[in-house]
Amino acid sequence: MKAAPFAYARPSTLDEAVAELASADGGGKVISGGQSLVPVLAMRLARPEVLVDINGIAELGRIERSDGAVEIGATVRQRAVERDRLSAEVPLLGMALPWVGHRELRSRGTVCGSLAHADPAAELPAVACCLDATVTLSGRTGPRQVAAREFYAGAMMTGLGPDEVLTSVRLPLARRADGYGFAEIARRHGDFALAGVAVHVRDNRVTVTGFGISDRPVTRTVTGEVTGDLLDAMVDTDGDGHASRDYRRRLFRVLAEREIGKARARAGRKERDDDQ
Amino acid sequence: MSCARIEDPALLTGRGRFLDDLDPFAGTLTAAIVRSPHPHARIRGVDLTRARRHPGVAAVVGPEEVAAELKPFPLAVKTPMPYYPTAVGRTRFVGEPVAVVVAADRYLAEDAAELVDVDYEPLPHVTDIEAALGADAPLLHEEAADNVATDRTFTFGDVSEVFATADHIVAGEYDFPRYSSTPMECYSVVAEWQEEAGGPAIEAWSNFHGPFSMVAVLAGAFGMPASRVRLRIPADIGGSFGIKAGIYPYVALVALASKHAGRPVRWTEDRIEHLLASSAGSDRKMRFEAAVSADGRIRGLRADLIDNVGAYLRPPEPSTLYRCFGNITGAYRIDAVEIRSRAVVTNKTPTGLNRGFGGQQLYFGLERLVDTIALRCDVDPVELRRRNFVRGRDFPYATPTGGVYDSGDYHTALDMLCKNADYEALRRRQAAARRRGEYLGIGVATIVDPSATNIGYVGLATPAEQRAAGRGKSGSTEHVRVTVDPNGVVSVLLGTVPQGQGHATVAQAVVADTLGLPRDQVRPVVEMDTATTPWTITSGSYSSRFAPLLTSALVEACERLAETIKIAGATLLGTDAEAVELADGVVRLRERPEESVPFRHAAGLVHWDPGSLPDGVSARLYEEAAFTPPESKAASRTDQINSSLCYGFVAELAVVSIDPDTRSIRLEQVFTVHDAGTILHPVLLEGQVHGALAHAIGGALYEEMRYSPSGQPAATFMDYLCPTTAETAYELDSDHLQTPSPLTKLGAKGCGEGSSMSLPAAIAGAVADALRHEGVEITSLPLHGDVVHGLLERTTEGTN
């Protein structure tokens, strides 16, 4: 379990990072927290020619608020967000982060790294999709914005180009009367979910994002009742040794119905508070 | 004698010295192993040229070198299934070593390993027990008639008569899964091939812990006497729970690599290699059948056991089948028994020791059967067990298979369990939960916990008429050497090779108490060096041997040592040895304890002034002892064997709840009562109970060495799920009963394995109990939400 040989670059500017990736011509790989990438390297399942370490790029470490949204830079650790007031301003993020691996992993792992890694059972891509977040991808032709819901192309597959860095994610701050729900079931604490759900309720509109149930996060927005059939249809993963498709369907439906109920109750409670 | 573990300060402050921390030879190179990606393939050719040319590579050894320079390891049976440290001719499991590359560092070695060109011709494979027994099954070993490595049937008592006259015949078929242990440090070997005047020799450091019968197996591959293979084992081996008994083929491989490299070679197994190809407890398919009278008494038992030992019958297999032979009837009085014991080879990793060794498999089947009998007889499962228990007045109790249970009080232990758990209240709680539509289940297991294995059971795999006269196997011996220095400090050299259990702590306390010394005047040494530490074939840390055997050897050695010290003390006090005793660090007059000399002065006299000792007394301040219980005899001509020296007892109760919506299982409570004879160290005993329970939770609810239909095993911690602290946060009530063993010096029995055998059965019983009204029966493990879902959906389909 030792990585195959690779070159290592630690640029101090984004332009240099992009230039490294471009010159690697598809053989480059960005590393920040390394919590998913390093094991894959050690198992020689990934064999990049150049590892581009973006931890030295100061501008990627920022958390900035503007226009009812927050932008989290590429090297911001999950644990830093978890401990920031951000986890209250974007409650779904605060609800999801404790489920991401273990605390030790979150102290190194980054929010953007998880988004770019695109594990279909990961929590943060689902949060980004549920909240209709936008990711910024920076390459030779400059930055471009892509909706999270458009970003995922399959298991471990995204719209990120070979010379691009996912430099930030922009998440909308919660409005007062919004309600949220988040839950997942895994075989053990800290494992990737067998099925998980993120829920956002605003007025009479419910957004449900499932994870661990397909090759990417699956999002549906419904006005009014969310039917069991709709939830069942979101689950299209094949079964594995941990859970069959049929069982995942059951889990997802149970979790989604529970969390939708909680999110509606939370939204309703705040509306009543406002009325008083 | 509770006291803090003397091992802990170093371990807890990062000063443990594990094998990979040690650098015993200058100029050591590093090895990486090329492994088979196929479950079964013919090796058409191996080309080592490119790998050998890679910069930094010192040697590459492949199947050709292995076959030419080593003999197959000697096996326990004569079935032609040759086993080498690498594949030879064919590869028979995913992860089987095919070649070893020696280079300047591990990175280079892994780079070069990718350049070993192996031409495989994939063959049909089989991983399932029943499929491997099929007439058209792929044959793993071409010289063998089929995939059955050993097949023996044993009958004790009038089985046919008992079954013919039974009121009920209750049967069940059960599958026990393959799971392992996951020690913190994986396998690690540093070996040097040495050319001596008298011929070649090997010095190998490894985190092996016994059984030392494997030293003979290892030396056999080189055609060397065991004394030319010097094994060194550090004090900290990083845990094992039995799994590291399977390291010796790698010791052979690394030693051979050193011979070719002309330099010492280190190989440290990584986690993927460990999960892929080290070892595991065997998976077992079993059928039990009981002849039962109307009142629920079990009169006869038939057991058909089939172990999946993987691709080779790697010694000490087929011991999983025989380790519990003498206690195959468990805690119950059953006079007539028929057993068929088979081991089948398949395209899986070879199996071996795993905490509980043979017990978790046996008791899963037996205890599920006992629950089924209780249902059939409409008797509460606790009451049914009570009716069948070996009674207090029956001890020593001879089982039909040759076991002699040394002591016990099963009824009292079960009463303690029911009282601690408030069994009646639990049943009321269950009834109330069921009325609310909740699933709550209570499972009970009562098992005999064998300790101090008698290796004589290995003989049973060979029919009695083929067991050569004068070549018998028996015994259960452990060795110590105790020495006193000129300052009166007592050094204790142990032959048990601890895996982290705390042997040093207990040895220190036993010696201090026996010699009347403060603890800090005793210095245990647990490192093993086969050239200097006393040992024989049965030495090592396995089958819960330390408490019954090693502490007995300590007492024997210390009693002899005390005689010399008393003589020296008496000389200083101007009296006879009979008039003095050892206590509080002094030699004192029995009648006038205030008249004394320090222990160290007595020791000093023997060292410095032996001329003052009475004539004929030797200046001997070192004693060795080999505790050799006469009860551990070879298997009889009628195939009976007292397969362990001591037989403890565990009564356990598990409470589970199952979420009706998510169908997830939650282990809520465990109540457990252990009888391990005299308790030597309450805190360490409790630690062993906690650890065995966690191991059992792994096997019952999480861990499984699964193989895909293409023969690929799960080989990462993403798929092989060990319970963590979060999964072991159940409520535990642990209690103890002490019925001392009459056969050991301190009355102690083993205790490290009990719950790893009982809790899987108790959890299965609890899940079955929770779901019984849904028509669900539990006959296999592991159990988790997906399994419960499948079982409930199946019964729903069935009734629709």
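Trainee: What makes β13(B) and strand β14 (residues 298–310) of chain B a pair?

Mentor: Two strands pair if DSSP finds at least two bridges between them. β13(B) and β14(B) have ten bridges in the antiparallel sense, so they meet that definition. Strands here are DSSP runs (E, at least two residues) and helices are runs of H or I with at least four residues, numbered from the N terminus.

Mentor: Before going on, keep in mind that this is a predicted model: local features need pLDDT of at least 70, side-chain atom pairs count only at pLDDT 80 or more, and totals for chains, interfaces and linings use all residues. Residues are numbered from 1 along each chain as its sequence is written, while chains are lettered from A and ligands numbered from 1 in the order in which they are written.

Trainee: Which sense describes the pairing of strand β8 (residues 168–176) of chain B with β13(B)?

Mentor: That pairing is antiparallel, over nine bridges. In it, His168(B) stands opposite Val292(B) in β13(B).

Trainee: Why is strand β13 (residues 283–292) of chain B called largely enclosed?

Mentor: Eight of its ten residues are buried, so the rest of the structure largely encloses it. Buried means that 20 or more other C-beta atoms, placed from the backbone, lie within 10 Å of the residue's own; 12 or fewer makes it exposed, and in between it is partly exposed.

Trainee: How do you know whether Ala452(B) is buried or exposed?

Mentor: Ala452(B) has 32 other C-beta atoms within 10 Å, so it is buried. This residue sits in strand β18 (residues 439–453) of chain B. Leaving aside residues up to four places away in sequence, Ala452(B) touches several others, including Ser476(B), Pro548(B), Cys646(B) and Gly750(B). Such a contact requires C-beta atoms, placed from the backbone, within 7 Å.

Trainee: What are the domains of chain B?

Mentor: The assignment gives domain 1 (8–123 + 181–277), domain 2 (359–373 + 380–453 + 642–799) and domain 3 (478–627). Such bounds come from an automatic or database domain assignment. The C-alpha centres of domain 1 of chain B and domain 3 of chain B are 39 Å apart. Their contact takes 19 residues from domain 1 of chain B and 16 residues from domain 3 of chain B.

Notes:
Two residues are in contact if their C-beta atoms, placed from the backbone, lie within 7 Å.
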